[in-house]
Amino acid sequence: MWHVTRKKFPAGPSEGLKRWSLGPLNNSPLEYFTKIAHEYGDIAGLRVLNFKTIFINHPDLIEEVLVTNARKYSKGRVLRANRHVFGEGLLTSEGDFWLRQRRLAQPAFHRARIASYAATMVQYTERLLESWRGGEERDAHRDMMRLTLQIVGKTLFDADVERDAKEVGKSLELLLEIGANFRRTIFVPHWLPTPANLRVKREVEQIEKILYRIIAERRASGHDVGDLLSMLLAAQDEDGSKMTDRQLRDETITLFLAGHETTASTLSWTWWLLAQNPAVEAKLHAELDAVLGDRAPTLDDLPRLVYSGHVITESLRLYPAAWGMARLVVEDHEIAGYPVTKGMGVAMAQWVVHRDPRWYEAPEEFRPVRWEGDLMKRLPRFAYFPFGGGPRQCIGNAFAVMEATLILATIARKFRLRLVANHPVVSLASITLRPRHGVRVVLEARQKKGVERFFTGEQSAVAD
Ligand code: HEM
């Protein structure tokens, strides 16, 4: 049993909750959550404006919320406030409707099915690299965004969205920028014609136009190509009715948004971390040279790209694209002996738990090597939860890890990405955690070396 600290949690009923202002949450949410954890420990009940919110910072308590008592919660306020964007898609829907849709979508994410996406992931990455030149300066984040959007489009909807990637990417960026203002998201109804709301509406319509086109093209072709869109189109209710275009729009916009920006940001943070940790980068290169030599990676290489996998795992620990999660209590119960009542919010932050020194040695350091032993097995289940957990766990977990590893391997085999001096790489914690001004890099074509070294136990020369 892990020790749970309960510093300063008000002992009495929730009315006694200490007040915290929402301002700092808006301005620097990562610091806000960290500060609460430092001041109050594993569980803290606070009043943030009118909302009674329980902040949970211990893996066992997070498990209670996400797994043991999952039925006593619904999604949190920020996601609910974004329903006009995601509609009744998988991320935001609830209850029986969500369960039905989850079961429908699940086959598209089964291991065997995902395996068939590997070639597309590598092929699209190679296509991107054809336009890369040594010495050139680029925004790696922009490239990753475009690439992962194209991959989601092709693998799940068999749509070549290359021509749309720029527009969707821009619209999405604006949505996330606007969504970073939690106060506005929660308190300003989305139908009020404020400048921000009108902008959101315009950007959503822009994305919808593209999605409705993809749906109409597939309906017209009548082809069942076996992808997710075909499965959704073929699905029938018990009464024989099929999904409306609106439902299809909700599922597709959710998968496009949830499924591309998260992986893109993970990769962008990875390039940034690698560029600052030359020993890690060298070890990664040595593995790629040893395993791949002169060819691009395939699905079969993944079991041998062990260190590459650890790089992604560690990157998701330090810069989890889903940096925090929230729930609303729908049924009264207790957490760690404290009463929680209907309408209260519960907040958990991967950002905080992943950097807790109780679970990680030198938690602020980028050390993929920490994953080489049995750390994952030794950790409490929710000390590492970049993909959430319980019934609402990310459906794209395996998809994302495979995609990130293959893209990393395909690119790092050929290029080293050097940071452009003086370009600020700053995090923006909106619904996701992404580099606000991108990650500007100079490309350096790689010369291969170190193949033998990796296998002759000289890794220490390059070990992190
Ligand atoms: C590194 C990449 C990714 C990260 C860090 C990530 C993280 C997460 C997290 C934490 C959740 C749970 C949210 C909650 O419980 O409130 C989630 C849900 C979800 N993710 Fe991901 N995700 C990633 C990639 C993907 C991909 C590639 C797809 C699809 C192609 C995807 C689709 C979804 C969907 C549909 C849900 C809602 C699932 C449900 O409630 O049934 N995600 N993701």
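Predicted model: local features only at pLDDT ≥ 70, side-chain atom pairs only at ≥ 80, totals over all residues.
Let me begin with the iron atom of the ligand. The protein supplies a single donor to this iron, the SG atom of Cys394, at 2.3 Å. Cys394 sits in the loop that runs between α18 (375-378) and α19 (397-414).

I turn next to the surroundings of the ligand. There are 27 residues around the ligand, and those that come nearest are Trp98, Arg102, Arg327, Arg392 and Cys394. Two of these names return when we consider the oxygen atoms of the ligand. For Arg327, a polar side-chain atom is found 2.7 Å from a ligand oxygen. For Arg392, an N or O atom of the side chain is 2.8 Å from an oxygen atom of the ligand. Lys75 also takes part, with a side-chain N or O atom 3.1 Å from a ligand oxygen.

Which elements give two or more residues to the shell around the ligand? They are α6 (95-105), α14 (245-276), β6 (325-329) and α19. The most is given by α14, which provides six residues. By class, the shell holds 17 nonpolar, six polar and four charged residues.

Helix α19 also brings us to the second topic, the packing of α15. Helix α15, residues 278-292, packs against α19 at an angle of about 95°, and the two axes are 10 Å apart. Angles of 65 to 115 degrees count as roughly perpendicular, and α15 is therefore roughly perpendicular to α19. On the α15 side, the contact is made by Leu284, His285, Leu288 and Leu292; on the α19 side, by Leu408, Ala409, Ala412 and Arg413. This contact comprises six nonpolar residues, one polar and one charged.

Helix α15 has a further contact, with α16, residues 306-318; here the axes come within 8 Å and cross at roughly 145°. From α15, the residues involved are Val280, Lys283, Leu284, Glu287 and Leu288, and they meet Val306, Tyr307, Ser308 and Val311 of α16. In this contact, six residues are nonpolar, one is polar and two are charged. Please note Leu284 and Leu288 of α15, which are listed in the contact with α19 and also in the contact with α16.

Methods:
Residues numbered from 1 in each chain as written. Heavy atoms only, no water. Donors = N, O, S within 2.8 Å, 3.2 Å for Na, K, Ca; no water. Helix = DSSP H or I, 4+ residues; strand = E, 2+ residues; numbered from the N terminus. Near = heavy atom within 4 Å. Polar contact = N/O pair within 3.5 Å; in protein donor to acceptor, adjacent residues only side chain to side chain. Nonpolar A, V, L, I, M, F, W, Y, C, P; charged D, E, K, R; others polar. Axes fitted to C-alpha atoms, helices over the stretch in contact; angles between N-to-C directions. Parallel < 35°, antiparallel > 145°, perpendicular 65-115°, else oblique. Contact = heavy atoms within 4.5 Å.
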